[in-house]
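I opened this notebook to keep track of what I looked up, entry by entry.

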Amino acid sequence: MKYNKTFLASSLLISVAFLGISCVNANRDDKKNDSTETVSNSGGEKSTLPYDLANPVKYNMPQNLFEISGIVFHNGDPKEVFAIQDEDGDLFHLGLNDKESKFTKFGGKGDYEDLTIIKNYFIVLKSNGELHTFPISEINKPEVANVIKTKDLVPKAEYEGLAADEKNSMVYVLTKDSKPDSKAKASSIYAFKFGADASLTPGGEFSLSHKDIEKLSGSSKSRFRPSALAKNPKTNEWYVLSSVNKLLVVTDTDFKVKVTYPLNPGLFNQPEGIAFDRDNNLYISNEGGTLAAGNILMFKLKK
């Protein structure tokens, strides 16, 4: 009888311990899933991102793209990515697995932040809002012959985001920081109609609410300062990236915030470029760090 009591007591202790471990692991798993894929959106319900932000395909960039900034594909073709880095006026192009890249000079030294392609033209954005526009046919030359430089198109501010909506012939410039935006607690987006002659005419203004972002992300430790944007061609949603905040924000077509997703700093060193390919896979570029090269992370669309 004594043996049975001892046996039962031991069994009970083991069961309780096992149950406790299971609960801890379950909680960890839940937190992991919530932080990477499923969060509450503006309607209060759960929203699932169609990409697994914890499991990318990683492509390391050559040394001359250590400080990779913006990225884009021509007609969504992932066989060749076009990129810039934020110190030299060089347009790079390479295959994602290439060890070396080709480049064409389009400008001098400067803080170049993003680029886009529309109607067979490249447009490159400087941090002061200046735009450099030139035909895509120029990329096989050592240097672009005729670059259209557009100044004073947008108000004085710091800019890092540029994107195009080819279907509607629109170009969007996203503010990273400005005094008016800081006061309004919002990021300004300026839209422009792109003409057949590569002209840009005002096409509207939008506002990205920092209050909505803070409410959905549950964090207001630092002011939201976006670094890139791209339009999801399948859903028409805008994906807005912030390197400072380590955050991905999804909005509707008019930039009303729908949902936010935190980015793991261990994976996203300095996310400053974002793009989609024709199969709707998501790409995010990161500047290099002390022990890491610049890279592009590809997230396959969940089937």
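I took strands as DSSP runs of E of at least two residues, and helices as runs of H or I of at least four, numbered from the N terminus. The model is predicted, with local features needing pLDDT of at least 70 and side-chain atom pairs pLDDT 80 or more, while totals for chains, interfaces and linings use all residues. Residues are numbered from 1 along each chain as its sequence is written, and side-chain values use heavy atoms, without hydrogens and water.

Entry on Ser169. I found Ser169 in the loop between strand 12 (158–165) and strand 13 (170–177). Ser169 counts as buried because its relative accessibility is 14%, where buried means under 20% relative accessible area, exposed over 50% and partly exposed in between (1.4 Å probe, protein chains only). Leaving aside neighbours within four places in sequence, Ser169 is in contact (heavy atoms within 4.5 Å) with Ile118, Lys119, Phe192, Lys193 and Phe194.

Entry on a sheet. I noted an open sheet of four strands in the order 8-9-10-11, with antiparallel pairing, where two strands pair if DSSP finds at least two bridges between them. Strand 10 (residues 131–135) and strand 11 pair over three bridges, and Leu131 stands opposite Thr150 in strand 11.
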